[in-house]
Amino acid sequence: MTLSTSMQATTLSPRPKAGTMDRNIRILGAILAVASLFAIWTTLSITVRPWVPTPYDTVLAMGRHLTSQGFYANLFLTLGRIAAAFLAASVIGAALGIAIGMNRKVEAFFQPLLAMALAVPDPVFIIFAILALGTGEAAGFVALTLAVAPFVSNIVRSSVQARDKGLDEMTRIYRIPSDKAFWVSLVPQLVPALLTAARFSFALSWKLVVVVEAIGQPDGIGASIFHSFRLLRMRDVVAIAILFILLMQLLEKGVLGRLEKRLLRWRQ
Amino acid sequence: QDVPEVRLQAVAGSLGGVPLMIMEAEGLDEKHGFSGVFELLPSDSAAQNFLIGNSDIAMDNDIIGVAIARAEGFDVTAFYPIGRLYLGIIVPGDSEAETPEDLRGMRVGHFGADSGTTMFIRSIVQEMYGFDVLEEYQFSQLGPAALVPLLEAGDVDAIFNFESYVSEAMLATDGRYLLQAAADYEEFTGGFAPWITNMVAHTSWLQENPELAYGVRAAYDEAVQIMQDSNYEVLREDYISSGLGITSPEVLDVMIENAATYDYFTNVWTPEVIEAAYGFLNGLAEEGRVLTEVPEGVMVRLEDLVGEPGA
Amino acid sequence: MRGNTCRWSRSICGCWSSSPSCSLSNTACCAWPSAASSGGADNPRQTLTPSNSKGFIMTGTSDTVLKVEGLQVSYGSIPAISSLDFEIKRGEFVAILGPSGCGKSSMLNVISGLLPPTRGVVEVDSRPLYDAGRHAPKLGYVFQAHRLLPWRTVKQNLELVLAASDVPRDQWEDNIDRLLDILHIGQFKNSWPMQLSGGQRQRVSIARALLVEPSYILMDEPLSTLDEVTARSLRQELSGIWARTGATIVFVTHSIREAVYLADRIIILTRGPSTVFENYHVPIARPRAYDDPRIAEVEADIIRRVEHAWGLDPIKQSEVA
Amino acid sequence: MRGNTCRWSRSICGCWSSSPSCSLSNTACCAWPSAASSGGADNPRQTLTPSNSKGFIMTGTSDTVLKVEGLQVSYGSIPAISSLDFEIKRGEFVAILGPSGCGKSSMLNVISGLLPPTRGVVEVDSRPLYDAGRHAPKLGYVFQAHRLLPWRTVKQNLELVLAASDVPRDQWEDNIDRLLDILHIGQFKNSWPMQLSGGQRQRVSIARALLVEPSYILMDEPLSTLDEVTARSLRQELSGIWARTGATIVFVTHSIREAVYLADRIIILTRGPSTVFENYHVPIARPRAYDDPRIAEVEADIIRRVEHAWGLDPIKQSEVA
Amino acid sequence: MQKENNLIISICAVLMLLPIWWIAYRNTNFIADPFVVATALPHFLSQADTWSNIGITLYRVVLGLAGGVVLGTLAALAMNQNKLAEQVLSIYVTTALRTPSAIAAIMALAIFRGAEIGYIVVVMFITFPFMAVGLRDGLKSADKDLAEASQIYRLGSLRYIRHVLLPFIAPFIFSALRNAHALAWKVIVVAEIFGAARIGFGAQFDHAWEYMQMVEVHLWLLVFIAIVLFVEYGVLRVAERRVFRWRG
Ligand SMILES: Nc1ncnc2c1ncn2[C@@H]1O[C@H](COP(=O)(O)OP(=O)(O)OP(=O)(O)O)[C@@H](O)[C@H]1O
Ligand SMILES: Nc1ncnc2c1ncn2[C@@H]1O[C@H](COP(=O)(O)OP(=O)(O)OP(=O)(O)O)[C@@H](O)[C@H]1O
Ligand SMILES: [Mg+2]
Ligand SMILES: [Mg+2]
């Protein structure tokens, strides 16, 4: 494989009918992926019985959940928790990441703390938060935020440090007030990193919410999954997980995907 | 050596492990024809570990769990009882509550609606007092060990827990049983109470190793005998208290007192008891929350499954 | 500062475009009187362009607005500028000539306050550069690389600096349009920088520097990426703008002819680490014509001087294939 | 391709530096015979530089190596090049002149295969550009912006392209050193691009293009950021390199004089979306001297033609302040 | 000078935690006395057992993380090169990304029957999508100009990736690596807990937790933090400083 051939694929291919081609490829890709996943799943469900449920049982279970009241209540509860934690972690993490990236002193102060925060196993965060704050919503929220924010700030920090310093100088010369310069010069440079961070934070929030609900909350999707697991109902575990994963995927594609398209217009 | 190996597991910190500790310390395994590999596992992973076949016999499964596993296609069965219901609702000494009914609307800590402890307490309260704790109590969920500080800090008004945490909680809060599952239910039914833990193994293992199964059973009987003979003072042995994670002698005092009062272990495994236990399970299945059906063979007598010893 | 604004917007609305209808004393589109000129008699322009109003930005009696003394710049331990001394008067048009890598961009960065000097004094308006703070004069800087924000269109890039200036908002649109027209890039107002050619980007950068109505304009090879015809037209425009606004311009270029055509004085630097090789006063009266033979003469003269000073091997024309 | 390598390394080791000790027929440091020249009689250079060995890269009988027919380039729906037709002969030195934004860089990008044409044919060595594949000729490209890897030192940047070429490793160091010396940036061999001035970066980019011993060299305003003295020296070097290596050079510039001095032919483009305005054969025999009055004459002639064609308002010298 | 100042600040930040710890200890009943923990530390560290547990977990993390990084990088590259691959892989990545760690751990336990490889696979499975997403986003922002230059000089894919692309996305790689590394430690703990590990850091930690041996819990946490800090300052920072020398 030479560079020129591989790059022609990305930069040189003429794209007059890109629309339909793209669509076909997307559909083909989705089919390929889903089919191969299905094959792997089926194989596992035969070889690792009864741990891995059969796709058939799982689909039935999905149907059952989709028609039950409790599922939706849990769904919205968990979504709410994820949204709250995701927002808080993204905002705090991004703010911290920017501060650290801009200033060596701030970096020197926070970097070891962040590294430590990253090191603490999630269950510890959660349990300590519950012990300190009681078992209300606050504990889960604080634990999630504490656990996710350092990840976000790491990503943002790297990007801040890689920024184009020439643009900083330009804004200084033209006396663009620093708050404005922040929004028009720095933040757009960080957009790719912020989007990555948002993806990260969204994904981690979900992973953690499962643990939080398993350990400290009697309700929500995570609790349902763990409850099902305790009862060894693997088909329910997988069914609930898949349903929720699909929903989250829709949300991410819909919101983040659209945002990305908008924010990166200038790159064409 | 040519003595076959048997891998036995119990949940770390639970009383189900005490017979194992005694077997190991007193050499009861060799005496009964097997060489034991004893493991105490954290509660999060104990069930998985047994179900995937990483140990031969688990000492800490309740019959509800066995019924669930069987229903889901795991060929496991309980072949001997172990622990009585050394669990219940504990309140601090200054609590005004007298019966579980008084806790309605109050904050109660437990470690999961799907845990054996909660399920037993729930169905017993349902039967004795006619209400569902899951609906009437404000639950907080945390691991069994962490519930004790929670109660001590006053974050909850009561907890559902099992020994030795019961003793720890009593000591820490000068507390008492609001409901002692075994004693109160026996009193209510006039004799029968389900037990909590069992010796559980895969059916195939039992069929392949009948002598070993009998050997383990005998070793357990002897271990229980040792405890009862010493009036549970044997729990003061270092290897047991450290195995249970008890550091203070005061907790031990409470525990030994509780043990003497409520008797921790049982080896009554008669068809009648098994019958009654099936009845209990069927009751749960009718209600349909944790169980929808009671599969065959949740409990077996070795005599029925593999024939008389030495046969 | 209202006066300032008006002065600029007038020049934009009336005189910047070199259409024949624009006479030099045009005051039509600004009510602010242009007659109030005073001071700065030293400046040869004064006598040539009576309508220039630079008297109004003078604040002291001294008309030395930029003083560089013993300036030394090192990157790490490596010197880029060894020692510079020069002064620039208010309203002067100074060109900087120097071999590539001699420290011209570094010098502009010091003057603009972006780069702290390693040693030496830089005074702007009689204040040490770093004391200037809020009083720092308004600066336009055409960087050597364009430094446009790629995520803002041309118009948005320009609006950004306008928002930070004190040009009233209702004049933005007009000023932008006129300036882009002068620079022949009117049709790219709504393009992203990525969609522009090299020369077009550079012209947007020039527009940005002029838009903020600066009293100092630093330009780092602003016309180097433009074709001759466009460059000539822009040189002429720049000359006109300078004459009308009274701005002080420091203009780095590699085109000696351009320097001679535009500047009052050419500061010629030595090879880096640089010092001032010569302060060359351009002996040609204004108005000047780009193809005036005197300009070619002066150019040749300067070439002769620097050829030796910039220390390449003497050029061997005879050997060229 | 061994011959190619040798041809290049010879020129680097002996003749690129314009030291007086280098005679044009130098063969001292390369054992490969230089006498085997043939073909390309059309090329005026052939008669002037007998040692040039370009005959060896000719593969067909036609000496048209680049053919552009009906080339159109649009970005989205906006046309940048409306229709270009021209041919370039093997070993020709062609300069491209055109107003800023007319599509010169776009054209080089098409020729180099980076940008697919919207319409039209581009043939290199009689092969459609996109069929060339493995046989694609070796290219050196001096981009308008330097495009150096900021995380590699000058030397590392150069070694990277050498590693992808077929220059034997034991010649790298020498070739790099000589070329950097020619470009007067020998002392920056171990600097990061960030530590270089604009002109220095550009020169590293030139070094990169020449190092790979290309048979085609595309240059997009390579000397625009250099001072006059350095630029003159480099023009001369480039001329020499071209003569000795037989490379085909397409050279975009805004300096008409530079174009006249260097090129056999100047393709003058119209304002964008561009077409060919004129194919201007430079009527001056080689060797040429940069300050030859004939060059100034031709320059003035071209200026006159394009001034009108490039369609700015006629320049009003008289109005300049 | 500057560097020393920053070091002092870093140390202050860490030291500042000690009084906070002490205050927390005084005000809660589940945080251990820092002095008791400090006294227990030497003995804890002198036990061979401690080190063998750390060793086994380190082994799992290193192998799993290495696998995750390689897999994630390959996936990101493939996604960047080819639309079809992007579509297929993005579904795989999403699936892995959204699988709760505990479920992954349990499944791996069931599939690999508690074998060592199971833990490694879990770490790999959980870290790789994060690596892939981080890198893909980096690749998307890759500089087209430099790609074109590489094409002109026919660097070939390998050289292009090694010398142009990788350095360009290095900031993304570092943040992805940092995060994947932290995640790996978190996951291994969950995997060891739910995967019924006998030895290893998570197993010991869980064990201590089960018994509410808070001193022990704190000791393990300290070890944990020490390791991650070591990787941050001993490995990542050093590498970062080398790789980003050119920024001056
Ligand atoms: N990526 C792009 N997207 C849209 N339009 C573009 C893009 N690149 C160039 N153009 C437009 O195409 C035209 C030609 O651009 P090009 O860069 O080829 O000009 P040029 O002749 O090299 O100019 P210069 O001398 O200023 O470098 C310009 O009008 C420019 O605005
Ligand atoms: N950030 C830096 N770090 C180290 N050295 C630098 C840095 N910037 C510039 N230099 C060095 O300082 C010297 C002067 O650079 P400067 O950019 O000021 O030159 P210049 O006169 O503007 O050149 P040009 O005409 O090529 O733009 C050069 O030799 C350059 O290598
Ligand atoms: Mg410069
Ligand atoms: Mg161009």
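B:E186 is partly exposed, with a relative accessible area of 23%. In this predicted model, local features need pLDDT of at least 70, side-chain atom pairs count only at pLDDT 80 or more, and totals for chains, interfaces and linings use all residues. Residues are numbered from 1 along each chain as its sequence is written, chains are lettered from A and ligands numbered from 1 in the order in which they are written, and side-chain values use heavy atoms, with hydrogens and water left out. Buried means under 20% relative accessible area, exposed over 50%, and partly exposed in between (1.4 Å probe, protein chains only).

B:E186 pairs with B:R84 in a salt bridge, with 2.9 Å between the closest N and O atoms. B:E186 sits in helix 9 (residues 181–189) of chain B and B:R84 in the loop between strand 4 (76–81) and strand 5 (87–91), so the pair ties together parts 102 residues apart in sequence. Helices (H or I, at least four residues) and strands (E, at least two) are DSSP runs, numbered from the N terminus. B:R84 counts as buried, at 18% relative accessibility. A salt bridge requires a side-chain nitrogen of Lys or Arg within 4 Å of a carboxyl oxygen of Asp or Glu. The count over all chains is 67.

D:K189 and D:E173 meet in a salt bridge at 2.8 Å, N to O. D:K189 belongs to the loop between helix 5 (169–182) and helix 6 (198–211) of chain D, and D:E173 to helix 5, 16 residues apart. D:K189 is buried at 14% relative accessible area, whereas D:E173 is partly exposed at 38%. D:E258 bridges to D:R235, again with a closest N and O separation of 2.8 Å. This pair links helix 8 (residues 256–262), which holds D:E258, to helix 7 (residues 228–245), which holds D:R235; the two residues are 23 apart. Both D:E258 and D:R235 are buried. Salt bridges with shared partners also join A:R104, A:E107, A:R157, E:R178, E:E232, E:R237 and E:E240 into one network.

C:S105 lies in helix 3 (residues 104–111) of chain C and C:Q144 in the loop between strand 6 (139–142) and helix 4 (154–163), so the pair ties together parts 39 residues apart in sequence. C:S105 is partly exposed at 22% relative accessible area, and C:Q144 is partly exposed at 25%.

Elsewhere in chain C, helix 8 (residues 256–262) contains C:I256. C:I256 is buried, at 2% relative accessibility. Its C-alpha atom is 9.3 Å from that of C:A296, 40 residues away along the chain.

Chain E has 10 helices and 0 strands. Its C-alpha trace spans about 65 × 55 × 30 Å along the principal axes. Of its 248 residues, 58% count as buried. Helix 1 (residues 2–27) of chain E includes E:I11, which is partly exposed at 43% relative accessible area.
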